[in-house]
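I want to write down what I looked up, one topic at a time.

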Amino acid sequence: VMVLVAAGEGVEAVAEAFGIGLRRSVGGGAARTRAVGDDKVVVDVRRGSAEAAVEWLAQQPWARWVEVPSKMRKRNKHAAATVQGSVGRYDEAMEHPVWQRGITGGGQVVGIADTGLDYDSCFFSDPSVSVPLCESDVWTGAIRAGTTCPASGHRKLVRYRYFTVPPGNVGVADAGSYVSSPGDSKYDPDVDDGGSHGTHLGGSVAGDDATSGTGRWYNGIAPAARIAFDDVYDEAGGGAG
């Protein structure tokens, strides 16, 4: 059970008080309480005691919100249909009324800045066209002098921009905190190094399975749109710059 605590209350003290109170009111049903951040208390209860614990917690003056958190699961297979109003649970029941009206994102470009994009994935790949990589200055965002950011007919990527430290600053001690450069020993631009967050987001927005196989059920909400991607995941494992 998660409880949001009223502002100004000491969350550690409230967590302890909740534990004592729950043990008195619901017996052994409260296993433990712990403070999370500045305004949350998580209460672990044994099976069958959650309802009584929620009822007791909701009556406490320190509590401003009480809920039993839902278990989250990825449902990309159903997301595009659900957003368009479908309530179907299975492939044959899912409908896409917006797509059926011809609105699929065609002619639109979506800008995304995230951890990286696995552009060899079937949802982004284009075997006939090279990925338009654009090396940029991490401080200004400008295209690096002497390089190009070519116009591209890639089916999914308008550009893939990555960032490097300006010449003369490469030797700084924390250079890895400012670099997302392909060719570095720790970085490969076609592998999403940030836990696949950027690939998941890009797929949710505009993924389009090139094989037209079963992967089409996982297409993004705007499968015909293209992406201008900024890779802002640095060598040190955070946001570049």
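My entries below go from the whole chain to single residues.

**Ground rules.** I am working with a predicted model, in which local features need pLDDT of at least 70 and side-chain atom pairs count only at pLDDT 80 or more, while totals for chains, interfaces and linings use all residues. I number residues from 1 along each chain as its sequence is written, and side-chain values use heavy atoms, with hydrogens and water left out.

**Overall layout.** I looked up the helices (DSSP runs of H or I, at least four residues) and the strands (runs of E, at least two), both numbered from the N terminus. The protein chain has five helices and eight strands, and along the sequence they come in the order β-α-β-β-α-β-α-α-β-β-β-α-β. I then checked burial, where buried means under 20% relative accessible area, exposed means over 50% and partly exposed lies in between, with a 1.4 Å probe and protein chains only. Of the 241 residues in the protein chain, 38% are buried.

**Cores.** I next searched for nonpolar cores, each a set of buried Ala, Val, Leu, Ile, Met, Phe, Trp, Tyr and Cys residues joined through side-chain atoms within 4.5 Å. The largest one has 14 residues, and those with the most contacts inside it are Val3, Phe18, Leu22, Val41, Val43 and Leu57. Two or more residues each come from β1 (2–5), α1 (11–26), β3 (40–45) and α2 (50–58), and α1 gives the most, with five residues. Apart from this core lies another, of 12 residues, which includes Leu117, Tyr119, Leu157 and Tyr160.

**Helix α1.** The 16 residues of α1 should span 22 Å, and the end C-alpha atoms are 21 Å apart, which agrees. Among the buried residues of α1 are Val11, Val14, Phe18 and Leu22, and just after α1 glycine 27 takes a positive phi of about 70 degrees.

**Alanine 81.** This residue is found in helix α3 (residues 76–83), and alanine 81 is buried, with a relative accessible area of 1%. Leaving aside neighbours within four places in sequence, alanine 81 is in contact (heavy atoms within 4.5 Å) with Ser86, Met94, Glu95 and His96.

**Salt bridges.** Side chains of opposite charge can pair when their charged atoms come close. I counted a salt bridge wherever a side-chain nitrogen of Lys or Arg lies within 4 Å of a carboxyl oxygen of Asp or Glu, and the count comes to seven salt bridges.

Which parts does the pair of arginine 32 and aspartate 44 tie together? Their closest N and O atoms are 2.9 Å apart, and because arginine 32 lies in strand β2 (residues 30–36) and aspartate 44 in strand β3, the pair ties together parts that are 12 residues apart in sequence. Arginine 32 is partly exposed, with a relative accessible area of 48%, and aspartate 44 is partly exposed too, at 24%. Arg32, Arg34 and Asp44 are linked in a network of salt bridges.

Are arginine 161 and aspartate 230 buried or exposed? Both are buried, and their side chains meet in a salt bridge of 2.5 Å, N to O. Arginine 161 lies in strand β7 and aspartate 230 in strand β8, so this pair ties together parts that are 69 residues apart in sequence.

Note on methods: The expected span of a helix is 1.5 Å times one less than its number of residues.
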